Amino acid sequence: MILGYTQITDDAGDIKRQNDMIMSYAAGHSISLQTVYSLPSTEKLKKEILKKGDTLIISNIARLGNSMFKIRDCLTYFMENGISLVSVKEAYIFTPDEVGQRMLDGINLALDIRKHLLSYTTTKSLARKKAAGVKLGRAKNTSMKKLLDGKEHEIKKMLARGMTKDAIAKRLNVSRTTLYHFWKKKKEVI
C-alpha cells in the first residue's frame with residue numbers, strides 16, 4: 001500500500017500545505033494513494049497501520065520527529081520492518097535495502113559526531129572557566145540556606161512544643177535531609 005501522512009499541528013493551513021505537497025508528488029509520479037492519515041505523530045502509523053512492503057509519503061523529513069534522534073529511530077523502525085519512505089520536500093527516498101541502510105549509517109555517523117563535538121566543546125569551555133578562576137558546580141548548601149535561614153527561632157519553638165523533626169520538616173516544607181543538615185550546621189543556635 002502507498003499511504004500519506006500529515007502531522008496534525010495547531011495551524012490548519014500547515015496541514016493543508018502538507019496534504020497538497022503529498023498529493024502533488026503523487027500526481028506528478030502517477031502514484032495512487034490509498035489514503036492520507038492525519039495524526040499528531042507517527043506512533044499510531046507504526047503500531048497499527050503500516051505493514052511490510054508499504055510506502056509512506058510525507059511532506060518533509062521533520063514530520064517524523066522533533067529531533068534527529070527521533071527521526072533516526074523512526075527510519076530505523078521503517079528499515080527493520082520493510083517500509084519505504086518518501087520525503088517530498090527533500091526528495092529523499094528511503095528504502096529498506098542497502099541504500100537505505102547507508103543513509104541510516106550516515107545519520108548515525110552525524111549523530112555520533114554531534115555527540116563528540118558537544119562533549120569536546122563543553123569540556124573545553126569548562127576548562128577555560130576553571131582556568132579563569134570560576135568555581136564550577138552547584139554552590140554548596142544554597143538551597144538549605146535559602147529555605148531555612150532565619151527560621152532558627154521558629155524551629156526552636158516547634159522543638160520546645162515537642163514536635164518531631166519529621167513534623168517540623170513537613171511544616172517548613174523541606175525534606176528531612178535538608179532539616180537534618182541544617183540542624184548539624186546550626187546546632188549551637190537551636
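Reader: Which residue lies over the face of Y77?

Author: The model is a predicted one. A charge is taken to sit over a ring if the Lys NZ is within 6 Å of the ring centre and within 35 degrees of the ring normal. At 5.4 Å from the ring centre of Y77, the residue over its face is K46.

Reader: Is Y77 buried, partly exposed or exposed?

Author: Buried requires under 20% relative accessible area and exposed requires over 50%. Y77 has a relative accessibility of 23%, so its class is partly exposed.

Reader: How is the aromatic pair of Y77 and F78 classed?

Author: The structure holds one aromatic pair. The ring centres of Y77 and F78 are 6.2 Å apart. Planes over 60 degrees apart count as edge-to-face. The planes of Y77 and F78 stand at 65 degrees, so the pair is edge-to-face.

Reader: Is F78 buried or exposed?

Author: The limit for a buried residue is under 20% relative accessible area. F78 has a value of 0%, so this residue is buried.

Reader: Which element gives the largest share of the largest nonpolar core?

Author: This core has 21 residues, and F78 is among those with the most contacts inside it, as is L64. Elements giving two or more residues to the core include β1 (2-7), β3 (55-58) and α3 (68-80). With five residues, the largest share comes from α3.

Reader: How many residues does the second, separate core have?

Author: This core includes I155, M158, I168 and F182. Its total is eleven residues.

Notes: Residues numbered from 1 in each chain as written. Predicted model: local features only at pLDDT ≥ 70, side-chain atom pairs only at ≥ 80, totals over all residues. Heavy atoms only, no water. Core = buried A, V, L, I, M, F, W, Y, C linked by side-chain atoms within 4.5 Å. Buried < 20%, exposed > 50% of the residue type's maximum accessible area, 1.4 Å probe, protein only. Helix = DSSP H or I, 4+ residues; strand = E, 2+ residues; numbered from the N terminus. Phe/Tyr/Trp six-rings, centres within 6.5 Å; stacked < 30°, edge-to-face > 60°.
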